Amino acid sequence: MAVSERPVGIDELLERVRLDLHRLTPQEAYDATRTGGLLVDIRYAALRERDGLIPGALVVERNELEWRLDPQGSHRAAEATGHDLRVVVVCNEGYASSLAALSLRQLGLRHATDLVGGFQAWRAAGLPVVAAEG
């Protein structure tokens with residue numbers, strides 16, 4: 001996506017970003033984890049403590065996401081095994097995750113996407129959630 005001559009509001013930017021993402025429903029995201037996909041929870045600690053965690057999701061604070069998921073990076077997580085990894089980014093309600101998925105795609109993670117409705121949709125769909133240890 002090229003930088004525009006005119007200022008673009010966040011709503012328009014989000015709409016543009018989502019045109020290139022095949023965003024997943026909670027059930028599709030759950031199914032992706034069962035076939036090798038990686039859920040990445042970027043919610044901040046207070047939300048994780050309040051609402052719980054998705055079992056098996058990699059927790060990465062948003063400000064560390066690119067550092068931890070870049071397969072070529074010096075600070076990558078062990079789970080960042082290659083550019084073909086199917087990454088599903090999860091935020092609280094499915095907004096910040098779209099922008100985060102775009103950033104991962106810019107690093108070459110071509111299968112990065114996000115969860116429609118975020119963690120709240122996952123929980124509302126009755127999918128597994130565990131209490132955060134604290």
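**A serine and its surroundings**

Tutor: Ser 97 is found in helix H5, which spans residues 96-106. Helices here are DSSP runs of H or I with at least four residues, strands are E runs of at least two, and both are numbered from the N terminus. Residues are numbered from 1 along each chain as its sequence is written. This is a predicted model, where local features need pLDDT of at least 70, side-chain atom pairs count only at pLDDT 80 or more, and totals for chains, interfaces and linings use all residues, while side-chain values use heavy atoms, with hydrogens and water left out.

Start with burial. Ser 97 has a relative accessible area of 0%, so the residue counts as buried. Buried means under 20% relative accessible area, exposed means over 50%, and partly exposed lies in between, with a 1.4 Å probe and protein chains only.

Next, the neighbours. Leaving out residues up to four places away in sequence, Ser 97 touches Ile 42, Val 89, Val 90, Cys 91, Asp 114 and Leu 115. A contact means heavy atoms within 4.5 Å. With Asp 114 there is also a polar contact: the two side chains meet at 2.7 Å. A polar contact is a pair of N or O atoms within 3.5 Å; within protein, one must be able to donate a hydrogen and the other to accept it, and residues adjacent in sequence count only if both atoms are side-chain atoms.

Asp 114 leads on to Arg 23. The side chains of Arg 23 and Asp 114 make a polar contact of 2.8 Å. Arg 23 sits in the loop between H1 and helix H2 (26-34). Its relative accessibility is 19%, so Arg 23 counts as buried. A polar atom of the Arg 23 side chain also lies 2.9 Å from the backbone oxygen of Gly 94.

Now back to the helix. In H5, Ser 97, Ser 98, Ala 100, Ala 101, Ser 103 and Leu 104 are buried. The buried residues of H5 pack against helix H1 (10-19), helix H4 (65-69), strand S3 (87-90) and strand S4 (113-114). Just after H5, Gly 108 takes a positive phi of about 100°.

Two of the pieces named so far have further ties. Ile 42, a neighbour of Ser 97, has its C-alpha atom 9.0 Å from that of Glu 64, although 22 residues separate them along the chain. Glu 64 lies in the loop between strand S2 (58-59) and H4. With 38% relative accessibility, Glu 64 counts as partly exposed.

Finally, the wider setting. The chain has six helices and four strands. Along the sequence they run α-α-β-α-β-α-β-α-β-α. Of the 134 residues, 40% count as buried. Among contacts between residues at least 6 apart in sequence, 66% join residues at least 24 apart. The C-alpha atoms fill a box of roughly 45 × 30 × 25 Å along the principal axes. A compact globule of 134 residues would have a radius of gyration near 14 Å, and the chain agrees because it has 14 Å. That radius is taken over C-alpha atoms, and the globule rule is 2.2 Å times the number of residues to the power 0.38.
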